[in-house]
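Here is my notebook from a first look at this protein.

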Amino acid sequence: MKLVRFGNPGAEKPGLLDDQGRLRDLSDVVADITPANLSRSTLQKIAAITPSELPLVTGEPRLGVPVTGVGKFIAIGLNYADHAAEANLPLPSEPIVFMKAITSLSGPNDVVVLPKGSKKSDWEVELGIVIGTRASYVERADALAHVAGYCVVNDVSEREYQMERGGTWDKGKGCDSFGPVGPWLVTTDEVSDPQALDLWLDVNGQRMQQGNTRTMIFDCAEIVSYVSHFMTLMPGDIIATGTPPGVGMGKKPTALFLNPGDVMTLGIEGLGAQRQQTREFSPAAGTRA
C-alpha cells in the first residue's frame, strides 16, 4: 500500500493511493496515519479494504509527512562508499548515527527555508525506513520484521553549521523544513528488496545525484539492528539511511550550494518523488510553507 496524509499543515487527513494512482480518503477507516496504526493488524485491516469503495479525493491537495506523531528522526551518515570518497572522509567501521530534530519534518513538496545566515545549504536524497513495531536489541535476521514501510527523505543539510561550527552534526541537520518526507509511506509488501532501489536528485533540472541502495555500506537490516542496540525504536520512528554521491559540498572544482529560489526534485524507485523550492528565511514569513 501507499499511505499518505493530505491537507493543510496540522489538519491532514489519512489516505491511500488506489491501483490507478488516485488519492482515496481513509478517514472513515482510521483517524490518521499514527504510530499505533502502523501495527501489523491495522495495516492488514487497511489492506483488506477495496480502494474503490473509499471516497475519491479531487484536486491536488498538499501532502504532509505520511505518518504523524514521529518520535525520533534518526539518520545515518556516510553510508555510501562513493559519497564518503567525495567528502574526503574514511569509510566508517560502524554506522554513523545522528539525529534530525522532529521540527525539521515537512511535507514532500513544502518550501525549504534556508536558515538565517545560511551559506552552505545542501541536498541529500535518502531512503527512509519507517518503524512499525517496537525494536530493542533486535538481531539482523529479525530487523526488517519491525519495519512498516519505506519513504523518500531529503536530508537537507547546512554544511557550515554541520562541519565548521564545532560539536556534532545535528545543528546542520535539524533546521526547520530540513526534513521533507514522503510523498508516501510504501508498506513492505510493495518493496521486495530495499537494497535494489534507484535514487536520484536534480537541482534546477540538472541531475546531481544518481545511485542505488545496493551500494550502501550498511544495509537496512543492519541499520535497524544496530540502532536498536543504542536506543529503543518505536512505531513511527523514521531512519534516513544515507545518501549516494553528488551532494553540493562534493562538487569539483568548486562546491555548489542552494540559493533562494532553487528547486530540488528527487525520488526513489517505487516510492514516489518530491519537489521543493527554497526561499530565504524572513522573520515575517517564518519557517513554514
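**Entry 1: starting from one leucine**

I began with Leu-271, which touches Leu-127, Tyr-150, Cys-151, Val-152, Pro-183, Trp-184, Val-186, Val-191 and Leu-197, leaving aside residues up to four places away in sequence; contact here means heavy atoms within 4.5 Å. I kept in mind that this is a predicted model, where local features need pLDDT of at least 70, side-chain atom pairs count only at pLDDT 80 or more, and totals for chains, interfaces and linings use all residues. I number residues from 1 along each chain as its sequence is written, and side-chain values use heavy atoms, without hydrogens and water.

**Entry 2: the nonpolar cores**

Of its 48 residues, Val-224, Ile-239 and Leu-271 touch the most other members. Among the elements that each supply at least two residues are strand 1 (2-6), strand 9 (125-131), strand 10 (147-154) and helix 6 (220-228). Helix 6 gives the largest share, 5 residues. I also noted a second, separate core of 25 residues, including Val-67, Ala-75, Ala-148 and Val-153.

My helices (H or I, at least four residues) and strands (E, at least two) are DSSP runs, numbered from the N terminus. Buried means under 20% relative accessible area, exposed over 50%, and partly exposed in between, with a 1.4 Å probe and protein chains only.

**Entry 3: helix 6**

How many residues of helix 6 are buried? I found 8 of the 9, so the helix is largely enclosed by the rest of the structure. Its buried residues include Cys-220, Ile-223 and Tyr-226. Strand 4, helix 3 (140-143) and strand 16 (238-240) are among the elements covering them.

**Entry 4: charged pairs**

Side chains of opposite charge can pair when their charged atoms come close. Counting a salt bridge as a side-chain nitrogen of Lys or Arg within 4 Å of a carboxyl oxygen of Asp or Glu, I get 18.

Lys-72 pairs with Asp-237, with the closest N and O atoms 2.8 Å apart. Lys-72 lies in the loop between helix 1 (40-47) and strand 4, and Asp-237 in the loop between helix 6 and strand 16, so the pair ties together parts 165 residues apart in sequence. Both Lys-72 and Asp-237 are buried.

Asp-155 forms a salt bridge with Lys-173, the closest N and O atoms being 2.9 Å apart. Shared partners join Lys-100, Asp-122, Glu-124, Asp-155, Arg-159 and Lys-173 into one salt-bridge network.

Methods:
Core = buried A, V, L, I, M, F, W, Y, C linked by side-chain atoms within 4.5 Å.
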